[in-house]
Amino acid sequence: MGFVGEEDAIPDKWIPFRPIPVRFTLTQHLIRLFYNPDWNELLYINTCAERLFEGGDKFYIQEIANRLLHAIQCGEVVHTCDAKFMYFRIRATYSEDTVADQMGQITDEVFLQSHAYALNVAKVIS
């Protein structure tokens with residue numbers, strides 16, 4: 001997601017939403033095994049994104065936006081005090097088809113970029 005001060009501006013910095021940690025402790029693994037609402041939420045967002053790849057409608061875009069705006073309002077995601085709008089984008093990273101034991105050319109492209117969503121009540125960094 002990216003933040004801007006003007007509705008028609010394009011974010012120059014994009015931040016990932018809930019990136020997967022590189023390492024977990026044993027305790028974190030055990031807790032996540034039984035209780036992990038953030039992961040379930042992330043799976044739902046991922047499912048919405050997959051539906052968009054399949055030609056889904058605006059419902060899925062709005063669902064993703066609602067989840068991101070909620071994370072901002074809860075303080076999970078913070079932005080600078082001059083930001084008034086949020087954008088999000090969905091990137092696709094994939095490998096071209098090749099023989100079974102070789103890796104094809106890796107492609108990373110932006111599949112979708114949302115329109116601007118107004119930030120009404122969100123925690124900010126001063």
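Predicted model: local features only at pLDDT ≥ 70, side-chain atom pairs only at ≥ 80, totals over all residues.
Local features were considered only at pLDDT of at least 70 and side-chain atom pairs only at pLDDT 80 or more, whereas totals for chains, interfaces and linings use all residues. Residues are numbered from 1 along each chain as its sequence is written, and side-chain values rest on heavy atoms, with hydrogens and water left out.

With a disulfide taken as a pair of cysteine sulfur atoms within 2.5 Å, the model contains 0 disulfides. C48 takes part in none, its nearest cysteine sulfur being that of C74, 18 Å away, which is too far for a bond. In terms of relative accessible area (buried, under 20%; exposed, over 50%; partly exposed, in between; 1.4 Å probe, protein chains only), C48 is buried at 1%, while C74 is partly exposed at 46%.

Salt bridges, defined by a side-chain nitrogen of Lys or Arg within 4 Å of a carboxyl oxygen of Asp or Glu, number 6. One of them pairs R18 with E76, with the closest N and O atoms 2.7 Å apart; this pair links distant parts of the chain, 58 residues apart, R18 lying in the loop between β1 and α1 and E76 in the loop between α3 and β2, where helices (H or I, at least four residues) and strands (E, at least two) are DSSP runs numbered from the N terminus. E76 is partly exposed, at 41% relative accessibility.

Within helix α3, E63 and R67 lie 4 residues apart, about one turn of the helix, and their side chains form a salt bridge at 3.3 Å, N to O. E63 is buried at 15%, whereas R67 is partly exposed at 28%.
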